[in-house]
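Subject: Structure for your review

Dear colleague,

Please find below the structure that I am handing over to you. My findings follow it, arranged by topic.

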Amino acid sequence: MLYRIDKKTGNKLSALGLGCMRFPKKLGGIDIKKAEVIIKTAIEKGINYFDTAWMYPGSEEALGLVLEKNQLRDKVYIASKLPVFLVDKAKDIDHFFNEELKRLRTNSIDYYLMHNLTGLDPWNDMVNLGIKEWITAKKESGQIGRIGFSFHGALGDFEKLLEAYPWEFCQIQYNYSDVNFQAGIRGLKKAAETMPVIIMEPLLGGKLANGLPPAALKLFRAYAPERTPAAWGLRWLWNQSEAAVVLSGMSDPAQVTENAALAEGCSAGSLAAEELEIYDKVREVFNASYKVHCTGCAYCMPCPHGVNIPGCFAAYNTSYVMGWAAGLQQFLSSTGLASNTSGPERCVSCGTCEEHCPQKIPIIAHLKQVRKRMEPFFVRILIAVVRKFIGSLKADSRAPAQ
Ligand code: SF4
Ligand code: SF4
C-alpha cells in the first residue's frame, strides 16, 4: 500500500481509503457479514482510512460493530462527519457527536469533518452556535483527533473557507472528468500546501468505472498494458502528490483487493505524457456524452412526490451514452413502471431537492429535459397501458371479500 504522510501529526494515511457509504445491503439495511469481510480485507491490504458519516444510513453502526468485534479499532483512522445541515441549536452538536461515538463504539473520532460545507454561510452559522469553542474542547479532551470539512461548492467559496479557520484537513470531489469543477485542481493545490486533502467521488459515482461511452473505452483500450477504466481513474489521482487519500466506496472484497494492489504500484508523477494525453481525450468524449453530471448520491431524495431523481438522470445519460433504446429500458425499469417511484411527470417544481444537491444540478429544469426525451407521446401511452394491466393483475390476485 502506498501511504501519504499527514505532516502535522506524522500519521501515515493509506493512499486508498474505504468509503463506507456503499456497504452491501440486505433487507433494507446493511449486510453486516459482507461488510465485515470488506472491512477486514481492507485492513489486511493496508487500508487504514475509513470514511463514514451520520448521514450514511447504518454505516457508522456497521463499521463500529465490525471494528469492535474483531478488535481492529487501533488499526484504523476513523473519519466521520457532523451533519451541519441538521444542526439548529448548540446542543444539537453534542447530540450528533455523542450518538456517533456510540454508533462507532469508540471514545474518539480521528478525523472529524463538518459535512458538506458549501460556503461561508453554513460555517458562520456554526460559529454563531459556538462550534469553535466546541472543537477546542473536544480536541483537548482527545475525543477529536483532527478537524476538517467536506466541500461541495464553487472554488471561490472553498478558498474563503480555507481562510476562515485553521483546518487540519479537508475533503473535496475530484476526478479526471472535470479538473475545474467545484474546488478543482486549483483548490486541491492550495489546500494541499497546508493540509492533507481527501478525495471523494474519484470515479464520479461509478460512471468513470462502468459508464464510459464506447469511444472513451476505445481510447483507453488502445493503450498497453490494458487497464480497467477504474484503474485509469484511480491512477490519475495517485499521480498527484496533493491527493492524500482517495476514497473508494468499494462494495465487495474483490474490488478492495484489486484497488489495493493498484495503490501499491502507483506513485506521484508516475504517469507518462502519453498517458496524460489519453485522459484529455477521454475527458472530452465523456463530457460530450454525459448530459447531467449526477453522481447518484441521492442527497436529493426522497422527493415528496415520489420522483426517482437519480434514476431519471441515470437513464437519461444512458440514452446518450448507449443509445435511446438502452436509456428507455433503464427509464422504464427505474421509474416508469416501478410501483413506488415515478418519473419526471410527478415533479411539481417545489425545489426541495435542489437545496440538497451537492453538484448544484438544476434538477427541475433537467427533469423537464428528461421528460421530453424519455417520454414522448407513444411512451406515455405504453406506460399507461402497462400500468393498467399491472393494476388489473393485482386486483385479480386479491382474495375475494367474505
Ligand atoms: S422539485 Fe420536483 S423532483 Fe424536486 S423535490 Fe420537488 S417535486 Fe420532487
Ligand atoms: S441530483 Fe444531485 S443530489 Fe440528486 S442524486 Fe444526483 S448528484 Fe445527488
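**Findings**

P225 lies in the loop that runs between helix α9 (214-221) and helix α10 (229-238). Please bear in mind throughout that this is a predicted model.

The peptide bond that leads from A224 into P225 is cis, its omega being near 0°. A cis peptide bond is also found between M301 and P302, where omega is about 0°. P302 belongs to the loop between α12 (273-289) and α13 (309-321).

A further backbone feature concerns N116, which is not a glycine and yet has a positive phi of about 55°. N116 is placed within strand β8, which covers residues 109-117.

Strand β8 is also part of a barrel, which 8 strands close in the order β3-β6-β7-β8-β9-β10-β11-β12, with parallel pairing. On average, and with direction ignored, neighbouring strands of this sheet are turned by 30° against each other. In general, the strands of a sheet pair through backbone hydrogen bonds, in either a parallel or an antiparallel manner.

Strand β10 (residues 169-173) and strand β11 (residues 197-200) run parallel and are joined by 4 bridges. For Q171, the bridge partner in β11 is I198. Helix α7 (residues 184-192) packs on the sheet and touches β10, β11 and β12 (243-248). The direction of helix α7 makes about 150° with that of β11.

I turn now to the ligands. The space that ligand 2 takes is the largest cavity. Around ligand 2 there are 13 residues, of which C294, C297, A298, C300 and C357 come nearest. The shell of ligand 2 consists, by class, of 10 nonpolar and 3 polar residues, with no charged residues.

Ligand 1 takes the space of the second largest cavity. Cysteines around ligand 1 include C303, C347, C350 and C353. By class, the shell of ligand 1 holds 9 nonpolar and 3 polar residues, and charged residues are absent from the shell.

With kind regards

Notes
Residues are numbered from 1 along each chain as its sequence is written. Chains are lettered from A and ligands numbered from 1 in the order in which they are written. This is a predicted model: local features need pLDDT of at least 70, side-chain atom pairs count only at pLDDT 80 or more; totals for chains, interfaces and linings use all residues. Side-chain values use heavy atoms; hydrogens and water are left out. A residue is near a molecule or strand if one of its heavy atoms lies within 4 Å of it. On a 1 Å grid over the protein atoms alone, a cavity is a set of points where a 1.4 Å probe fits but cannot get out, and a pocket is an open set with protein on both sides within 12 Å along at least five of seven lines; lining residues have an atom within 4 Å of a point. A molecule sits in a cavity or pocket if more than half of its atoms lie within 2 Å of its grid points. Ala, Val, Leu, Ile, Met, Phe, Trp, Tyr, Cys and Pro count as nonpolar, Asp, Glu, Lys and Arg as charged, and the others, Gly among them, as polar. Two strands pair if DSSP finds at least two bridges between them. Helices (H or I, at least four residues) and strands (E, at least two) are DSSP runs, numbered from the N terminus. Axes are lines fitted to C-alpha atoms, for helices over the stretch in contact, and angles run from 0 to 180 degrees between N-to-C directions. Contact means heavy atoms within 4.5 Å.
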